[in-house]
Every structure is written in C-alpha cells, then in structure tokens.
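This report reviews backbone geometry, domain arrangement and chain contacts. Please consult the sequence and the structure shown below alongside the text.

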Amino acid sequence: MSCEMHETVREYVIGEYVDEDDDIKIADDTPLISSGIVDSFSMVSLKVFLEKKYDIKLPDEEATPEAFDTVNSIVELVKKFQAK
Amino acid sequence: MAYSKVARAGFAEEIEAIKSKGLYKEKRFICSPQDAEITVEYPEGAAQEKVLNFCANNYLGLSSHPDVIAAAHKGLDSRGYGMSSVRFICGTQDIHRELQDRLTDFLGTEDTLLFPSCMDANAGVFEAILGPEDVIIADRLIHASLVDGIRLCSAEYDTFKHMNMKHLKQKLELHQGKRNRLVVTDGVFSMDGDLCPLGEMVALAEEYDSMVLVDDSHASGFIGRTGRGVHEHFGVVGKIDVITTTLGKALGGASGGCVSGRRELVELCRQKARPYLFSNSLSPVITAASLKVLEIIMKSTERRDKLEANTKRFREGITAAGLAVRPGETPIVPVMLYNAKLANDMARDMYAEGIYVIGFSFPVVPNGQARIRVQLSAAHEPEHIDKCVAAFRKVGDKYGILGLDKDGIIAKYGM
C-alpha cells in the first residue's frame, strides 16, 4: 500500500530518471536497477536525495542496488535508518 | 591451496552462466595488419578467411598506413624500443615533448600530457585536479573509463540524463555551493554514436561557473571541419577546460592517450595523476608514429572527408534496407537488435557473408539494448560499404527483422 513516502520517492525517480517521452510506469514494485531505469553509476543522485530529504545517513554498504531496486525497498531502507 | 576444486568449480559455473545467457565473448584472431580487409581465424582453429572489417576504431584508415609504419621504423632506429621507466624518472624523450606540443596545437589547448592510454588519462585526471569540496556532474552514458576515474576521485559526483541540457541546468543550479564544478561528457558516445551538444553545454557551463571535460576519443581526427574534434564542430575551440583523447583509434590505432587543456590542470596531472606516475612511458615507436599521423591529418582533410562520405553512404543504405539504426551523423552506427542472442547470431551470420562485425550486449551496453555496432573507416571503398549493406539485408531478412521497429523486434525475440 502506498503512503506519502512512496509517492515522494516515486515522484523523484520519475523526475530524475525517466525521460519525458518515455512511457514507463513506476509502481511500488517496479524493478528500477535490475530493469536498467536506474544504473549503479546514477544511483548516487537517489542516495543524496534520500539523505537530504529524510535527514538520514545511508552507509555505502547499505545503499546497494538490491536496496534501491524498487520504491518499496527504498522506503523500507529509509524507515530503517529513520528509526536509528 | 587457494585455488581449490571447489573454487574452480564455482568460477567455471559463472562462465557457463555467461554462455547460457548468450553473453559469452568468443575469441577471434586477426592474422593480418588492421585494414578495411583483414584475414581472420574464427572460430579458433578454423581456416583463415578474408573478410571486410566494420568494427574497428580505424576511422581514418591509418592503422597500417605505409608512411606511419615507416615513421615507426625510423623512431625505433633513432630512439629505441622502450623507455623502461615512468615519465618523471627517466622516461621522457624529446619526441614525447614534441608530440605533446603537436597535440596542443591540434586540439587548440594550452598544454598536453601523454598517458599510456586514454583509459589511464581518465583514471587519473579527476583525482589529480579535484577534491572533496568539488563536484563532478556527468552524463549518464559516459565511457566506463570516465566512470572508473570519477569513482576514484574524492569529489562528490552527480549525473544528468543523457544529453539532456535542461536536466544539466538543474544540476548546475543544485551544486552552486560547491568550490569547483566539472561537467563531464563524451564528445561522441561510443555505443550510440550520439554527438554531445557541446555548444549548449559550454554556454551553460559559462553561465553557471563550471569547467567542462570532454573525452573525444571517438572524435579526434575526424569530427569537425578539420578533424580537431567535437569542440571544432560546435565552434567552441579554446573553451573546453580538459580534453582527454586516445591515440589508439583514429590517431594511429596503437596505444597512448592524453589529457589536454588548461595549463594548470595539465601540470597538476603531471605532478599527481597516479597512472602517469606509476605506469610506463609511451614507447618511442608509438610516439614517433603518432607524430607522423598528426602531420598527415593536419596537412589535408582528405581522410576525414572520405570518412564523412562513407558514413553518409552506409547510413542511407542501411536505413533503406529496413534495419533499425539510431539516427545520427557519426561513423558509429548501431544496428539495434535489443536481444543479445539475436545480436550474436546475426554477427556470426554476417561473418559467413564476409563481413566482420560483433554483437554488443550487457554489460557493454545496457540490458535489453543489444546491437551490432558498425564503424565506418576512410579505408573503406564504396563497394565495401555496399557489400556490408547487402549482407545486413540478407541476414536481416533471414531473421525476419527488416522493417521492424523496436517493439516489433522485441515482440519477436524478447529482450
């Protein structure tokens, strides 16, 4: 079920990674990294956005392609570090 | 024992997985000098065949030019075979200085530093000139060597959508608080053949107080009216802060690369860039031959003009034949196939038709973007190009992809 954080993350991903003329829908479980929408090099923008937006620090070993692969997994990661 | 039976089995399994995905790179052996027509042993152990080469970076046809070879011989006789030293210890000859000066003239910059390769130049330049207070803003499709170099650097980095100047502008605005900004791009993108809109990029960089670095490896020698590169094409010579490029493609095809640009940035590379400090000096043979290459192309635009004509002939022919190609104007022409196995199978069939091309798939290109990347050369004659187009038509027909767009090919073969 989507919440506000899901929408915020989804909006950022679409603005940052999807071209205006691309017909790509980003659902909560759409693979982002494994589908090639986001690659490991450009993933850094997403990490920086999440850290600034939610005032958290994501260690490099946690900011993995697996952790960033879907909106769901990204929200889970942010919530884990918000709780710390 | 570190390499146990279990370890060996594990690695072997990984190799089998690559094969089963259709991503295995087969061995091919060239048994002749590099040229438009080459002799090839493929598969390994098979009888040698004469085929036309459409996948070399030999854009100006200088890789085996008799004058370049003669200059190499002369270099061997006058300056020896190898330096057995890194540059700063006892590895710099007068001809290295001469080549650097000639590249500076050619590229229209302030200074140039040779590296063993452009891969090394890209690995070393960022960490030599930037630090944690700075930011690198890179196009998402830059060459792997630039990605590696950026990752080695302590500066922050960010990326922008491929050739999207609106997105670049947003990133430049976002990072105005950093000490230095460096926008990084390829001049010509190696897998897609796209030409970076460098004029617009430089204008934005000036507006937002940013430096610009361009890797012009697939442009030096033939893009621009006199082949100086993408900066000449867009009328911004003298406005690029760092150009990296290679001597291993159009400019002779052996090896070697350079960082060329603002005097202070080049000097910092000479003082601090690790591949420069820790890797062997460019051999005298290659240095001497490279000087001859620059002499040839600075005297006449005949070769880059012929390449331009060949490119036009091929692009028109392949499009008329019904293959899906990315539009563009450079001699890098990706024939898009999307499915890795299809790309490899078609490349194999093209070889049987006497045309040597390679299928490109992940990780060289993004997943689902497999292609055959055709590269034109000034060494090609019109009949070579027509034979290549005819072979693509025949093989494309066999696989039922003529006239199909991306959706059609994916529907037939999947990604």
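## Domain arrangement of chain B

Chain B is divided into two parts: domain 1 spans 22-53 + 302-413, and domain 2 covers 66-299. The model is a predicted one. Taken over C-alpha atoms, the centres of domain 1 of chain B and domain 2 of chain B are separated by 28 Å.

The contact between these domains involves 14 residues from domain 1 of chain B and 14 residues from domain 2 of chain B. On the side of domain 1 of chain B that touches domain 2 of chain B, α13 (302-320) and β11 of chain B each contribute at least two residues. By class, this side of domain 1 of chain B holds six nonpolar, three polar and five charged residues.

## Positive phi values

Strand β11 of chain B (residues 332-338) also contains B:Tyr338. The phi angle of B:Tyr338 is near 70 degrees, which is a positive value in a residue other than glycine. Is B:Tyr338 buried or exposed? B:Tyr338 counts as buried because 23 C-beta neighbours lie inside 10 Å, and the cut-off for a buried residue is 20 or more.

B:Asp209 likewise has a positive phi, near 50 degrees, and is a residue other than glycine. The position of B:Asp209 is in the loop between α8 (198-207) and β8 (211-215) of chain B. B:Asp209 is exposed, since 10 other C-beta atoms are found within 10 Å, and a residue with 12 or fewer falls in the exposed class.

## Cis peptide bonds

Which residues does the cis peptide bond with omega near -5 degrees join? That bond runs from B:Tyr42 to B:Pro43. B:Pro43 lies in the loop between β2 (37-41) and β3 (48-53) of chain B.

Another cis peptide bond links B:Phe362 and B:Pro363, with omega about 5 degrees. B:Pro363 is located in the loop between β13 (359-360) and β14 (370-375) of chain B.

## Contact between the chains

How many residues of chain A are in contact with chain B? Six residues of chain A are in contact with nine residues of chain B. The side of chain A that touches chain B comprises two nonpolar residues, three polar residues and one charged residue.

Note on methods: Residues are numbered from 1 along each chain as its sequence is written. Chains are lettered from A and ligands numbered from 1 in the order in which they are written. This is a predicted model: local features need pLDDT of at least 70, side-chain atom pairs count only at pLDDT 80 or more; totals for chains, interfaces and linings use all residues. Helices (H or I, at least four residues) and strands (E, at least two) are DSSP runs, numbered from the N terminus. Domain bounds come from an automatic or database domain assignment. Two residues are in contact if their C-beta atoms, placed from the backbone, lie within 7 Å. Ala, Val, Leu, Ile, Met, Phe, Trp, Tyr, Cys and Pro count as nonpolar, Asp, Glu, Lys and Arg as charged, and the others, Gly among them, as polar.
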